Amino acid sequence: MSNFPATAQAVIVGGGIVGCSTAYHLAKLGWDVVLLERKKLTSGTTFHAAGLVGQLRSNANITQLLGYSVELYDTLEKETGQATGWKMNGGLRLACNQERWTEVKRQATTARSFGLDMQLLTPKEAQQLWPLMQVDDVVGAAFLPTDGQANPSDITLSLAKGARMAGARIFEDTKVLSVEVEKGIIKGVRTEKGRIETPIVIACCGQWTRDFAKTVGVNVPLVAMEHQYMVTEPIAGVTRNLPTLRDPDRLTYYKEEVGGLVMGGYEPNPKPWAVNGIPKGFHYTLLGSDFDHFEQLMELSLGRVPALESAGIKTLTNGPESFTPDGNFIIGEAPELRNFYVGAGFNAFGIAAGGGAGMALAEWVAKGEPPFDLWPVDIRRFGRPHFDTDWVRTRTVEAYGKHYTMAWPSEEHDSGRPCRKSPLYDTLKADGAVFGEKLGWERPNWYADLAAGEAPRDIYTFNRPNWHAPVGREHTACREAAVLFDQTSFAKFVLKGPDAEAALGWIAANDVAKPVGSLTYTQMLNDHAGIECDLTCVRMAEDEYYIVTGTGFATHDFDWISRNIPAGMNAQLVDVTSGVAVLSLMGPNARNILQQATRDDVSNAAFRFGTAQTIGIAGCPVNALRVTYVGELGWELHLPVEYATTVYAALHAAGAEFGLRNAGYRAIETLRLEKGYRAWGSDIGPDHTPDEAGLGRAVKLRQNIDFKGRAAVEAQRTTGVKKMLATFVADPAVILSGRETIFRNGERVGYLSSGGFGHTLGKSIGMGYVRHPDGVDAAFVESGAYELEVATDRVPCNVTLAPLYDPRMERVKS
């Protein structure tokens, strides 16, 4: 083909809404971009999408991203002259029981925290907006006026037209045969029409993305699921401006369509599709209508919309869509291959997310970083279990089935478990452990008292849950005696080589150029001083560091460290997670117990805080790190996995007289809140700097050592901050779980990034940023009168920038 390009700055593979949106935004940024579609634009999943556009999610930045979609769709037709079918008719969400009403009220508070005007309505007010529905069982409803709906094909074609207007080149009926990679560097793509030289490939292939990415060694955890909705003939009373309607207690959704209704839903027993592979040539194709499977949703809908019983049915659409194991879409640069980007797995809300996802992906490509923290949808959130398609499918079936079920605080998935287990799994289970799961790891969340008849299972609620008292026991034991946490799931890396110190010194904001045996708590910053990693480094030798980070950040942190080792430096990063067990011994009696279990001297004089030593316990060489995340004296004991059961038994034998007991991750959470310790992914992240987070002390500005992000930290020290992380304390009857709105002197100034209960204080505790566009300092934060909005109710609270709890002075000195 004479007009087929030989080169491009970036090639997008896939012509659905996300691919076209990415092309639109990259072209607007001035990039020479080519989009290749193997068949026709929208012919994969987009053409049969339902087209509802809702904005509110549990994360502020994802809500912002979806809000951008709405802003774009509001002006796109005027810009391109291509119809979009967009209308801002608002969205209703119903609640049909008290627990759901509590959830909806909490969602309304979350919406206000994120700047959205979500209105709570009575059943009658909701019916006035949606007259066709019965409301006998409705407790209340929420209405978001800026939600809407679009025609999926039209809005995609409008984005494609806008992309062409900005200079993008789009080729249909052009199958990509392969991506050329030489020594880990993308060189181009081969297509049926010729080769395009390009350094960047962006995979927006919908349900084909997993197989396509696998050809270059990239893992994209998604699978195809059948999703059905019906379209009716015109129904009397259905007006063009009828809001979209979500009825989660009946598992269904509705939107207006040419005077009739679209009705679909999320059944609890979904059907995976193409388990053995997507059929060759599949495009512009629907699956056979499965009336028997859809009947359960139809029966639920008739109780809400009786008019459906006599309505004519145009079609029952059954189309496969890509879903993910956690219900969130996937974007970002693949950790396995530089300059290979992914935008896929949109879980049936690709139209709602398409505009914003394309914007974010384009900026990620053009600037080498996302426009803001997108951790909930970052491809690096996945790990080892997600390489197995059967495991991914098993978990995705559960996630699909939970789409409209109650979003309980602290809810765990049940499927695909157990997967990764500590050597102590069976021992801890026999002691009453109730496990949670992260990246496939089984982790003890709390311990039931089996002798007292406590059931070792979670019972979810928006009130105090059944684990509240057991966690309180563990919390108290840590404060007054000692506890043992199994933290084997920690991600653990070794950085080794003659340039290890120089490499880590560049990546870490704190000083790691310390003697062998030193332990450093540090952040790793981006060029804007945003916190990309929050972890601990131990200097094991002149040329070796041992790095410990959170379970869920294994892929992300390994990727961040490895890609930021300066070119030419001789330092290799190795993941040693699976070979090392971790037992964390914490509490005022920790030293007495540890000294009973080892002949090595663990007195304060011999073993100072912030250091590491190899000690012997029951024949095992233990790498003991004196560090704490719970605000008590303690050690993390890192040891070869084959010694785990032996060392565990030795510690419990030594600790019997000192009140040692097992404790879980939910106690860690309550303990760290009292001490004011930050959690990456909620309290700190790429959108927050050390100074904003109260971690400026961990930055080596006083030394004449350059490090990534230093210039931005120095600039902020000069100009000051516009937000500051603070801790809030409320009455114990108040249930805090995060995202509650913070009011200072009656004005909204932020929202809680995390929330929970402090059992030592007997109070509810939250952490969150106090914001002001003109700047924030300690005096500003501490001078205000504060309230929190919790499930739409305002409650008084106190604020502090200091830890709520510190051990007694003798413990600090010890």
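This is a predicted model: local features need pLDDT of at least 70, side-chain atom pairs count only at pLDDT 80 or more; totals for chains, interfaces and linings use all residues.

Student: OK, new topic: the largest nonpolar core. Which residues touch the most other members?

Tutor: That core has 51 residues, and Leu-26, Ile-202, Phe-329, Ile-331 and Leu-374 are the ones that touch the most other members. Elements giving two or more residues to this core include α1 (17–28), α2 (60–80) and α8 (350–367). Helix α8 gives the most, with 10 residues.

Student: What does Ile-202 touch?

Tutor: Leaving out residues up to four places away in sequence, Ile-202 touches Ala-10, Val-11, Ile-12 and Val-13, along with Thr-22, Leu-26, Tyr-341, Leu-361 and Val-365. There is also a second, separate core of 41 residues, and Cys-96, Met-133, Met-230 and Phe-294 are among them.

Student: Why do residues like that gather inside?

Tutor: In soluble globular proteins, nonpolar side chains tend to be buried together.

Student: Now helices. Which residues of α15 are buried?

Tutor: In α15, the buried ones are Ala-644, Val-647, Tyr-648, Leu-651, Ala-654 and Gly-655. Seen down the axis of α15, they fall within an arc of 135°, so they line one face of the helix.

Student: Why would that spacing put them on one face?

Tutor: An α-helix has 3.6 residues a turn, so residues three or four places apart point the same way.

Student: Nice. How far does α15 reach?

Tutor: Helix α15 covers residues 644–655, and from its first C-alpha to its last it reaches 16 Å, close to the 16 Å expected for its 12 residues.

Student: Which residues are buried in α14?

Tutor: In α14 (residues 590–597), Ala-590, Arg-591, Ile-593, Leu-594 and Ala-597 are buried. They cover an arc of only 160° around the axis, which puts them on the same side of α14. Among the elements covering these buried residues are β28 (580–586), β31 (634–640) and α15.

Student: Let's switch to the backbone. Is the peptide bond from Arg-417 to Pro-418 cis or trans?

Tutor: The bond from Arg-417 to Pro-418 is cis, with omega near -10°. Pro-418 sits in the loop between α9 (389–401) and α10 (425–430).

Student: What is phi for Thr-42?

Tutor: Phi of Thr-42 is near 75°, which is a positive value in a residue other than glycine. Thr-42 lies in the loop between β2 and β3 (52–53).

Student: Is Thr-42 buried or exposed?

Tutor: Thr-42 counts as buried, because its relative accessibility is 3% and the cut-off for buried is under 20%.

Student: And what about Ala-791, what is its phi?

Tutor: Phi of Ala-791 is near 50°, also a positive value in a residue other than glycine. Ala-791 is in the loop between β37 (786–790) and β38 (793–800), and is buried with a relative accessible area of 12%.

Definitions and conventions:
Residues are numbered from 1 along each chain as its sequence is written. Side-chain values use heavy atoms; hydrogens and water are left out. A nonpolar core is a set of buried Ala, Val, Leu, Ile, Met, Phe, Trp, Tyr and Cys residues joined through side-chain atoms within 4.5 Å. Buried means under 20% relative accessible area, exposed over 50%, partly exposed in between (1.4 Å probe, protein chains only). Helices (H or I, at least four residues) and strands (E, at least two) are DSSP runs, numbered from the N terminus. Contact means heavy atoms within 4.5 Å. The expected span of a helix is 1.5 Å times one less than its number of residues. The arc is that of the directions from the helix axis to the C-beta atoms.
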